[in-house]
Amino acid sequence: MYKLFLCLRYLRRRYLAIIAMLAVALCVAMVLIVVSVMDGFLRKVETSAKGLFGEIVVDASSLSGIGRYDQFIATLTGEYRLSAKFELADLSRTDQGAWRMTFRAKGSYAHAEALVGTPQPKREASFPARATLYAGRHRLADVRGELTIRPNRQLSLLCQAKLAPERLPKDTASLRPEVVYVRVGEGMAEVQAATPVIYSYGLLRVGQTYTTTVQVCGIRLPERLAVTDMESGLFVQAGRGDASFEPPLELIRRRMEEHLQAIRTALRREQARPAGRRDEDLIERLQRSQMRPAWSVRVADGCIQLRKRLEELTGELSAEKTKPPQRRDKQRIEALTKECTRLRDELDRILRPPDSRVILGLGIAGLSFRTPAGETVRSVVPLQDVVLSLLPMARGRLPTTVSPNTATFTIVDDASTGVYTFDSKTVYVPFERLQALCEMDEWRDADKPGVVDPARCTQIQIKVKEPFASGEALRRVRAKVRRAWRDFERAYGPQAASAGVIVHTWREKLSKFIGPIQKQRTLVTIMFGIISLVSVLLIFAIFYMIVMQKVRDIGVIRAVGGSAAGVAQIFLGFGAATAAVGCALGLVAGCFFVRYINPIEDAIAGLTGTRIWDREVFLFEEIPNQVEPSVMVVIAAWAIVSGLVGALIPAVRAATMEPAEAVRYE
Amino acid sequence: MNDVDSILLLMVGLLAIAFLIVWGLGIFVAVRLARRQQRAVARWALAAVLAGPVLLGAGYLAYSLRRGVLRYLAAQLLAILAVAAAAVFVLPAFMGRSLLIDLAVVLGSVAAALLPTIALGLLGPASRRRPAQPADRPLVEAVKVHKSYALGRRSLHVLRGVSLSVKAGEFVAVLGASGSGKSTLLHVLGLLDSPDRGKVIIEGIDSAALAPAERDRIRCRTIGFVFQLYHLQPELTVLENTMLPAMAATGPLGWARRSNEALARAVELLERLGLGDRLGHRPKELSGGEQQRVAIARALMNRPRILLADEPTGNLDSRSGGQILQLLKELNRDSGQTIIMVTHDESLARAADRIVHLRDGRLK
């Protein structure tokens, strides 16, 4: 009992121990802050990186790419994306008031193989299917139906849509289903979604003078959103759930207006500073940047008006056309038609068709910048045009025979993944368009009829369902995908891929990128750990002093019957208790600091004018401020052990003291 | 089998059950982890859990070595450090998983490793019944005790064959000049020091045959010390200083039961010594005489059969010194307290029943 008792009394009344306590508290707080911030940083990088391309990536190591990707994806997800040109064959009204539509299309050998597993179907086969119904360029509805393939490989899609009659276009021939998904099997239980992607390189030209090299990424937007969390990083369409290359003009206009406001606020704030601390350069850049969004708003307004006018004219035109023949004004019809065509052309010139739209990566050098306060200011905005030039290097072409393909695109959005290296280099364009530009689309050899090289992509990105998305489970899914790919490759040979294909997890793919950050974290943790050994030394020194001060008291403890082990325990317990109290203080202080690290940093910046976390350099707006409980447990254990270790030698010294000498000690 | 042994047995039994529960839980968790395919983690957990019995065994091995002090200490330290280190190494393996499992496994293994230590600590020092002692045997006996100290390169032979025998109820004064070895003799008699040659026999038991823990026990229960410089613990109050020997005699479990009794005894002693209004004071707030009275109260706390006083009045003015001497005389007369007092002052020595002179390391 005396051990516990003396331990507690010493803790309360030995003021020297408070210094040791503070040292431990300081070390604990320091390590906690460093580890928490570094961990948080790493976690943020990992989350962002994971959002780049799902959990598993099937990567073509060569530019010649992966063929029959839709068929391979069907083995993973169970759904085959059918890319055929359907035409309306039959349209009728059901009793329930829905429209019943039958579409027909010419099927290919590849379709037949993907659907029924053989290029020569023996008999008719039907599958459930879903598709998006379009009228010309207007999206009407998502529909479900049934797809049938006949022995002659002809495809027919039967679907029903509940549509108000006035929404059905006059020209029913413009009705067509796009993005048709056919359910052909169960797929892998672990896979949630998958999408093909093309990565290529090209030149991006903005305006007359600005040119830079970029990585061009061809994506199917709705599919890609299901695989990665690209949408949260979009500027115009974030959080809408239906991001596409065709965002509503009104939305672009609204966002640009908000952006303009943000720039004006930043400008006002900067101008309000006292003259000496004003950043004139920044003010000038901000002033220049105001013009772009303002221009964009005007263009959007113009487009909206043009479109409204076009709708009116089309209405008038159709009204005119439906009049009885004797009352029709031919001249007027002609004039209206002419005007409509002109307006349509003008609209198309301003806002190019959906396959000629581009989403820029936010951070492409020179196209945007960040203010010291962390606002992103864009100097290139949606509705501007850019020109992309690409070298079609697929199908083993030699550089000498290649000439670049160039196309003009309209910017509709910008994307940030949070990973600077990607954002600063990537532009996103529609998948099929890039495929054509890179000449990776289906290709028939003119010399050898019947030989068809399938369309290709360079990467397949796979989203794995949550319970399988990490650790050992993910590696097992990867192995499964690998097996599936091997089988697929065996079945189709060079049609699948003419060079090696790698199946890896996102972590493996990014190991070169994440690895250094992880090493840095370990290094910093070890360094601070070593620095924190100082607390062990301090406890040692202080406890040695305490023991030497208390020699006679130790003699008395022995004289009243305390054992040598008891004396040692008193000091060990004292050490552990000192460390524990210090550790508790340190944890509280550390947690507090980490939790409020951003306001603290703001306050420091406000006082001194220097930012520690430079928002122009770092990827994230905020310093990570989460504390992991397991880190706290480890640090607490470590602190208490360090207290024990520090007190060990003094305690043994106290225990081995001869009691008679101790009592006599002056 | 005496009552202490049976309590010990009960305690060990309870602890064994507690240990088995903790251990079983640990294995359960390990198996669960293994089923969830976290084999690497499960291996760690199992290793940590299995380390428990090894450390438990080490603890009891140390106990069985008749509680040899330093060996026991070493085993204890080893156990604590091993488990703490294991916890530090095991934890990272659990990172990112359920914190509850982390805590269960780590605390479980720490508890398993600490059980023997906790068990021994809770029980407090072992106590044995005093062997029956014939009435005519001396209570304390020194037989041809030699003691020398190394003083630099020279060796100082302080005691050169001292023989002394003190019967129960005697008040003996050892008179000698300063540096004659009086204090050394007292320390040897009080088992604070061991003789180089010769025997010290207390209550018929040769101290040389005693294990360190046994010596601690005798110092605690049979002997009370009063020092010239009082030697009170500055961090403790008067009452706490007085109760210290009682605490040293029991573990926290026994203390819960006996603290009231000890408190009553301490208050009674202090009141008897005229310190009833000073219970909550710290030593530095007291005068020398008062401090020495606290020291006497502390020495008497465990009702020791022998009171050893080393120049108890040496640092006091004559009035306080006289009071202390009077106190010792009363103790001897009223309660038959055996007292051995060393002093260089002949007038003080005259208060004793018997005076022995220590000169040149020998008793005359």
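Q: What kind of model is it, and how are things numbered?
A: It's a predicted model, where local features need pLDDT of at least 70, side-chain atom pairs count only at pLDDT 80 or more, and totals for chains, interfaces and linings use all residues. Residues are numbered from 1 along each chain as its sequence is written, chains are lettered from A and ligands numbered from 1 in the order in which they are written, and side-chain values use heavy atoms, with hydrogens and water left out.

Q: How many helices and strands in chain A?
A: Chain A comes to 19 helices and 22 strands. Those are DSSP runs numbered from the N terminus: H or I with at least four residues for helices, E with at least two for strands. Of its 666 residues, 52% count as buried, meaning under 20% relative accessible area; exposed is over 50%, and partly exposed is in between (1.4 Å probe, protein chains only).

Q: And chain B, how many of each?
A: Chain B has eleven helices and ten strands, and 50% of its 364 residues count as buried. Of the contacts in chain B with a separation of 6 or more, 75% are between residues 24 or more positions apart. Contact here means heavy atoms within 4.5 Å.

Q: Switching to H14(A): what should its span be, and what is the end-to-end distance?
A: Helix H14 of chain A has 39 residues (511-549), so at 1.5 Å a residue it should span 57 Å, and its end C-alpha atoms are 56 Å apart, which agrees. The expected span is 1.5 Å times one less than the number of residues.

Q: Which residues in H14(A) are buried?
A: Among them are Ile514(A), Gly515(A), Ile517(A), Val524(A), Ile539(A), Ile542(A), Phe543(A) and Ile546(A). An α-helix has 3.6 residues a turn, so residues three or four places apart point the same way.

Q: What covers those buried residues of H14(A)?
A: The cover includes helices H2 (16-53), H13 (506-509), H15 (551-559), H16 (564-595) and H18 (629-655) of chain A.

Q: OK, the contact between the chains. How many residues does each one give?
A: Chain B gives 45 residues and chain A gives 42. About 4,000 Å² is buried between them, with carbon and sulfur atoms giving 70% of that. Buried area is the accessible area (1.4 Å probe) that two parts lose on being put together, summed over both.

Q: How many salt bridges between chain B and chain A?
A: The count is three, where a salt bridge is a side-chain nitrogen of Lys or Arg within 4 Å of a carboxyl oxygen of Asp or Glu. One of them joins the side chains of Asp216(B) and Arg558(A), at 3.6 Å, N to O.

Q: Which element gives the most to the side of chain B that touches chain A?
A: H3(B) gives the most, with eleven residues. By class, that side of chain B has 28 nonpolar, nine polar and eight charged residues. For the classes, Ala, Val, Leu, Ile, Met, Phe, Trp, Tyr, Cys and Pro are nonpolar, Asp, Glu, Lys and Arg are charged, and the others, Gly among them, are polar.

Q: Back to Arg558(A): where does it lie?
A: Arg558(A) is in helix H15 of chain A and is buried, with a relative accessible area of 9%. Leaving out residues up to four places away in sequence, Arg558(A) touches residues including Val567(A), Met657(A), Leu192(B), Asp216(B) and Arg219(B).

Q: Which residues have a positive phi without being glycine?
A: Leu191(B) is one of them, with phi near 65°, and His231(B) has about 55°. Most residues other than glycine have a negative phi.

Q: Where do they lie, and are they buried or exposed?
A: Leu191(B) is in the loop between H5 and strand S4 (197-202) of chain B and is buried at 2% relative accessible area. His231(B) is in the loop between strand S6 (223-226) and H7 of chain B, and at 6% relative accessibility His231(B) counts as buried too.

Q: Last one, what about Ser498(A) and Ser62(A): how many residues apart are they?
A: They're 436 residues apart along the chain, with their C-alpha atoms separated by 8.3 Å. Ser498(A) lies in the loop between helix H12 (471-492) and strand S22 (501-505) of chain A. Leaving aside neighbours within four places in sequence, Ser498(A) is in contact with Ser64(A) and Gly65(A).
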